[in-house]
Amino acid sequence: MERNHHLAMPWMVILSAILIVPSSLAATYNVGDNLGWATPTGGDPYAIWASQHTFVVGDALVFNFISGSHTVANVTRSAFDSCNTGNPLSIQTNSPANFTINTIGRHYFICTILNHCSLNQKLTITARANTNNAPSPTSPPGSPSPSSPPMKSSVGAPDMGAITIFMLIFIGLLVHFTMSS
Ligand SMILES: *[C@@H]1O[C@H](CO)[C@@H](O)[C@H](O)[C@H]1NC(C)=O
Ligand SMILES: *[C@@H]1O[C@H](CO)[C@@H](O)[C@H](O)[C@H]1NC(C)=O
Ligand SMILES: [Cu+2]
């Protein structure tokens, strides 16, 4: 029946969304999306990009760029702020550069070529604990606790995955009753 067919549609979309969005499994992100890892021509696109995502330990950041034209260096906060390219903690020079976030807290990345960092080719992200995680592969056996304690406890923090699923179900009900009335 035509009518029932229409009512089933929103539910199929919602079901797919629930299946596609696991609550906080480790994910791989393409930094800057379509912009890739490039020297901005204005503004601070990587700050905007970072603010649009939430990161957990275990996530991977993939930087796409033209090898030779850019680099990705993991640096300290002070090197990030001052764009000091002299002594990075680690650096990847070939695209795609792939950094797995292994520790809770803030991470700082800059391009070390010319003045690119000063033109905001820099990215900082904050990683939270991965609540749905299997045992962390980064803690060596017998170590009592993760290497860097979180500044704020994540205990009791709402689970974004669960909230997303409840929102989707709510929207589904709304659409369902709107369409059937
Ligand atoms: C980056 O590393 C993650 C985690 O190891 C992996 O799942 C992903 O496929 C890698 N991506 C690229 C482009 O190398
Ligand atoms: C950056 O380097 C610091 C210090 O070695 C390390 O704790 C952190 O996990 C590194 N971050 C990434 C993304 O590699
Ligand atoms: Cu660059």
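Modeller: Let us start with H107, which sits in strand β7; strands here are DSSP runs of E with at least two residues, helices are runs of H or I with at least four residues, and both are numbered from the N terminus. The model is a predicted one, in which local features need pLDDT of at least 70, side-chain atom pairs count only at pLDDT 80 or more, and totals for chains, interfaces and linings use all residues. Residues are numbered from 1 along each chain as its sequence is written, chains are lettered from A and ligands numbered from 1 in the order in which they are written, and side-chain values use heavy atoms, with hydrogens and water left out.

Biologist: Why is H107 called buried?

Modeller: Buried means under 20% relative accessible area, exposed means over 50%, and partly exposed is in between, with a 1.4 Å probe and protein chains only. H107 has a relative accessible area of 11%, so H107 is buried.

Biologist: What is H107 in contact with, leaving aside its neighbours within four places in sequence?

Modeller: Contact means heavy atoms within 4.5 Å. By that rule, and with those neighbours left aside, H107 is in contact with I101, L123, T124, I125 and A127.

Biologist: What makes the pair of H107 and T103 a polar contact?

Modeller: A polar contact is a pair of N or O atoms within 3.5 Å; within protein, one must be able to donate a hydrogen and the other to accept it, and residues adjacent in sequence count only if both atoms are side-chain atoms. A polar atom of the H107 side chain lies 2.8 Å from the backbone oxygen of T103.

Biologist: Which residues are around ligand 2?

Modeller: A residue is near a molecule if one of its heavy atoms lies within 4 Å of it. For ligand 2 the residues are N74, L89, F99, T100, I101, T103, H107 and F109. The strands β6 (97–100) and β7 (105–110) each supply at least two residues of this shell.

Biologist: How do you know that N74, T103 and H107 make polar contacts with ligand 2?

Modeller: Set each distance against the polar contact limit. A polar side-chain atom of N74 lies 2.4 Å from an oxygen atom of ligand 2. For T103, a side-chain N or O atom is 3.4 Å from an oxygen atom of ligand 2, and for H107 a side-chain N or O atom is 3.3 Å from a nitrogen atom of ligand 2. On its own, ligand 2 exposes 360 Å², and the protein buries 60% of that; such areas come from the Shrake-Rupley method with a 1.4 Å probe, and for residues only the protein chains shown count as cover.

Biologist: And which residues are around ligand 1?

Modeller: They are T28, A60, V62 and N98. A polar side-chain atom of N98 lies 2.4 Å from an oxygen atom of ligand 1. The protein covers 41% of the 370 Å² of accessible area that ligand 1 has on its own.

Biologist: What makes β2 and β5 edge strands?

Modeller: Two strands pair if DSSP finds at least two bridges between them. The open sheet has five strands in the order β2-β8-β7-β4-β5, with mixed pairing. Its edge strands, β2 (55–56) and β5 (90–92), each pair on one side only.

Biologist: How do you know that β4 pairs with β7?

Modeller: Three bridges join β4 (residues 72–75) to β7, and the two run antiparallel. Within them, A73 stands opposite I110 in β7.

Biologist: Is T71 buried or exposed?

Modeller: T71 has 6% relative accessibility, so T71 counts as buried. T71 is in the loop between β3 (60–63) and β4, and its side chain makes a polar contact of 2.7 Å with that of T112.

Biologist: Why is L114 called exposed, and N120 partly exposed?

Modeller: L114 has a relative accessible area of 76%, so L114 is exposed. N120 stands at 22% relative accessibility and therefore counts as partly exposed. L114 lies in the loop between β7 and β8 (122–128), and N120 lies in the loop between β7 and β8 too.
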